[in-house]
Amino acid sequence: MIIFRILPTKTYGHRQKDFPLCLIVFLFLSLKRDDWSRRVECIKRVFRFCFSMSYGNVIVNAQGKQPLVSFGVISDVQYADIPDGRSFLGVPRYYQHSLLVLQRAVRSWNEKKVKFVINFGDIIDGFCPKEKSLSATKKVVGEFSNFSGNVYHMIGNHCLYNLPREKLLPLLNIDGHAYYDFSPVPEVRFVVLDGYDISSIGWPEGHPNRLKAIDILKEKNPNVDKNSPEGLVGPPRRFVQFNGAVGEEQMEWLDRVLQDATKLNQRVVVCSHLPLDPRATSFAALLWNYEEVMEVVHRYSCVKVCLAGHTHRDGYVMDSHGVHHRVLAAALECPPGTDAFGSVDIFEDSLFVSGTDRMGDQEMVFN
């Protein structure tokens with residue numbers, strides 16, 4: 001069986017070529033209904049022709065292709081043992097059902113035998129009663145522990161509303177910095193960023209990173225409520241208190257890691273709670289210094305994909321350097337009976353997200 005799709009023109013910048021698709025449809029309909037083997041063979045030949053003629057916007061994903069590594073993804077569980085509510089924009093939020101989404105995700109990942117799982121942050125919600133923050137965090141971490149492999153966490157703003165870093169990081173099995181990298185197979189490296197390195201939340205009073213964040217908010221956001229982007233237009237809407245920035249030391253670390261990955265000829269996936277491209281997300285959800293981070297990323301051709309959460313909706317763009325940016329839908333906003341999690345296969349030349357319900361499927365071909 002062959003799966004095919006024509007990529008959007010705006011994503012890849014090619015002229016839309018309708019001929020291959022039309023030819024496939026013609027061949028499929030013109031052959032006898034019971035002649036399935038001839039139909040399949042004709043379609044295969046059309047695809048081979050397309051590639052020989054450099055039809056770069058046709059992607060073929062043949063079943064049986066072996067990935068370099070497979071892993072699970074989920075974002076913004078934001079569990080709380082409270083009644084359902086709504087966001088400040090009125091979007092329904094299902095605080096208790098999100099835990100059921102996670103449970104189903106863990107079962108799915110175990111069944112698919114993915115190698116590891118990445119949680120993109122915000123495992124409990126800011127409305128979680130503070131006296132229950134620790135127990136709620138432990139409860140969600142306990143559900144992740146039912147997965148048969150390693151789980152890699154990152155911190156989000158809602159995590160930091162509930163617990164300070166010194167309590168949160170050990171619970172998430174994060175040792176030292178909240179930014180780190182790992183290579184599950186020699187060909188691939190994952191880089192996990194700490195988007196709240198410079199932040200007014202999570203750090204103790206008087207901490208330099210907290211003070212720097214407060215200064216940034218004073219300069220960039222004129223509102224009394226620093227969580228409000230009111231009056232800000234375009235990407236400057238990102239300068240709100242529930243976002244943050246990558247600090248100078250982390251930026252230098254990122255540069256060193258990408259240098260090393262380049263020497264080892266690795267494909268790199270950058271993971272961040274906060275998105276790194278304004279075209280893949282709402283402006284109010286961006287990392288404060290996304291431009292500086294992407295300037296470092298774009299120095300190296302090893303980075304193929306940037307994955308993020310925080311926005312609560314799927315989003316995607318491929319930037320001018322050929323880096324794919326995919327934002328993942330939130331488990332929190334799944335009505336009862338629906339899900340938002342996925343499994344990801346990385347191949348030598350592509351990455352495929354296989355999503356569930358509100359998290360869409362997507363194939364990203366590397367430059």
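This is a predicted model: local features need pLDDT of at least 70, side-chain atom pairs count only at pLDDT 80 or more; totals for chains, interfaces and linings use all residues.
Residues are numbered from 1 along each chain as its sequence is written, and side-chain values use heavy atoms, without hydrogens or water. Local features need pLDDT of at least 70, side-chain atom pairs count only at pLDDT 80 or more, and totals for chains, interfaces and linings use all residues.

**The cavity**

Select P275, L276, D277, A280, C306, L307, A308, H325, R326 and V327, which line the largest cavity. A cavity is a set of points on a 1 Å grid over the protein atoms alone where a 1.4 Å probe fits but cannot get out; lining residues have an atom within 4 Å of a point. The elements giving two or more residues to this lining are β11 (303-312) and β13 (324-329), strands being DSSP runs of E with at least two residues, and helices runs of H or I with at least four. About 50 Å³ of space lies in the largest cavity, the volume being the space filled by probe spheres set on the points.

**The nonpolar patch**

Next, select F88, L89 and V91, a nonpolar surface patch with about 360 Å² of accessible area together. Areas come from the Shrake-Rupley method with a 1.4 Å probe. L89 sits in the loop between β4 (85-86) and β5 (92-93).

**Helix α9**

Finally, select E248 in helix α9 (residues 248-263). E248 counts as exposed because its relative accessibility is 60%, the cut-off being over 50%.

How values were computed: On a 1 Å grid over the protein atoms alone, a cavity is a set of points where a 1.4 Å probe fits but cannot get out, and a pocket is an open set with protein on both sides within 12 Å along at least five of seven lines; lining residues have an atom within 4 Å of a point. Patches are made of residues with over 30% relative accessible area and no salt bridge: like charges are joined within 9 Å, nonpolar side chains (Val, Leu, Ile, Met, Phe, Trp, Tyr) within 5 Å. A salt bridge is a side-chain nitrogen of Lys or Arg within 4 Å of a carboxyl oxygen of Asp or Glu. Buried means under 20% relative accessible area, exposed over 50%, partly exposed in between (1.4 Å probe, protein chains only).
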